[in-house]
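Biologist: I would like to learn how to read a few features of a protein model, taking each one slowly. Could we look at it together?

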Amino acid sequence: ILNVEQSPQSLHVQEGDSTNFTCSFPSSNFYALHWYRWETAKSPEALFVMTLNGDEKKKGRISATLNTKEGYSYLYIKGSQPEDSATYLCALRDRGSNYKLTFGKGTLLTVNP
Amino acid sequence: DSGVTQTPKHLITATGQRVTLRCSPRSGDLSVYWYQQSLDQGLQFLIQYYNGEERAKGNILERFSAQQFPDLHSELNLSSLELGDSALYFCASSVGSGREENIQYFGAGTRLSVL
């Protein structure tokens, strides 16, 4: 069973703060890493799909980096806004598990106005 | 709106009963995935179908089964329901079979409550 760990479990920041959180995963058999944003009462929405060591992706104020050799990815949010409040999930696809996605439990971000 | 449709949105039933959850993938997507989200658990992969055939299987109980029909919609059947089956069940779809790196698009989920 793959272990995809996300930290912290939850995070409270003030509007305008920049923040980041971590996704850790076993580095052997790595194939791809997905980041999803999940707002309450909505469905998970894909943010990034990353496949190469050193990948950096950006979407507006949100960016992500990937280190497949040491088995971690960071998600950064610059100048957090209340609408960024959501659970951020990472999911690993690896060659050893028939390419299925294994999700972490997520980081719950609350941005206070 | 992701384009993935799940029905019903809510389902309340009793232990021992059988229910069917339905999923219509995005237009053009051939793969359908089913996930379970229980309290304090991450999204757990159950099963994947690609163009009507089972492609990958996760931690799906023997009491659960799924299929994908020729029109590509999928159904997840849950039988002999137990209290612990209460969860949010998501369907997702993607263009490919899962061996290429395609984004999965999630439906809004079906919340199952077993009383």
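Biologist: Which cysteines form a disulfide in chain B, and how far apart are their sulfur atoms?

Modeller: Please keep in mind that this is a predicted model. In general, a disulfide is a covalent bond between the sulfur atoms of two cysteines. Here B:Cys23 and B:Cys91 form such a link, with their sulfur atoms 1.8 Å apart. The torsion about the S-S bond is -55°, and the link of B:Cys23 and B:Cys91 is left-handed. It joins distant parts of the chain, for B:Cys23 lies in strand S3 (residues 19-24) of chain B and B:Cys91 in strand S9 (residues 87-94) of chain B, 68 residues apart.

Biologist: Are B:Cys23 and B:Cys91 buried or exposed?

Modeller: Both B:Cys23 and B:Cys91 are buried.

Biologist: Why does A:Cys23 count as buried?

Modeller: Buried means under 20% relative accessible area, and A:Cys23 counts as buried because its relative accessibility is 0%. A:Cys90 is likewise buried, with a relative accessible area of 0%.

Biologist: Turning to sheets, in what order do the 5 strands of the open sheet in chain A lie?

Modeller: As a general idea, strands of a sheet pair through backbone hydrogen bonds, either parallel or antiparallel. In chain A, the 5 strands of the open sheet follow the order S1-S3-S8-S7-S6, and the pairing is antiparallel. Strand S1 (5-7) and strand S6 (56-59) of chain A are the edge strands, each pairing on one side only. On average, neighbouring strands of this sheet are turned by 15° against each other, direction ignored.

Biologist: How many bridges join S6(A) to strand S7 of chain A?

Modeller: S6(A) and strand S7 (residues 62-67) of chain A run antiparallel and are joined by 4 bridges; A:Lys59, for instance, has A:Ile62 in S7(A) as its bridge partner.

Biologist: Which residues make up the covered face of strand S2 of chain B?

Modeller: In strand S2 (residues 10-13) of chain B, the covered face holds B:Leu11 and B:Thr13, whereas B:His10 and B:Ile12 are on the uncovered one. S2(B) runs parallel to strand S11 (residues 110-114) of chain B, and 4 bridges join them; B:Leu11 stands opposite B:Leu112 in S11(B).

Key:
Residues are numbered from 1 along each chain as its sequence is written. Chains are lettered from A and ligands numbered from 1 in the order in which they are written. This is a predicted model: local features need pLDDT of at least 70, side-chain atom pairs count only at pLDDT 80 or more; totals for chains, interfaces and linings use all residues. Side-chain values use heavy atoms; hydrogens and water are left out. Two strands pair if DSSP finds at least two bridges between them. Helices (H or I, at least four residues) and strands (E, at least two) are DSSP runs, numbered from the N terminus. Axes are lines fitted to C-alpha atoms, for helices over the stretch in contact, and angles run from 0 to 180 degrees between N-to-C directions. Buried means under 20% relative accessible area, exposed over 50%, partly exposed in between (1.4 Å probe, protein chains only). A disulfide is a pair of cysteine sulfur atoms within 2.5 Å.
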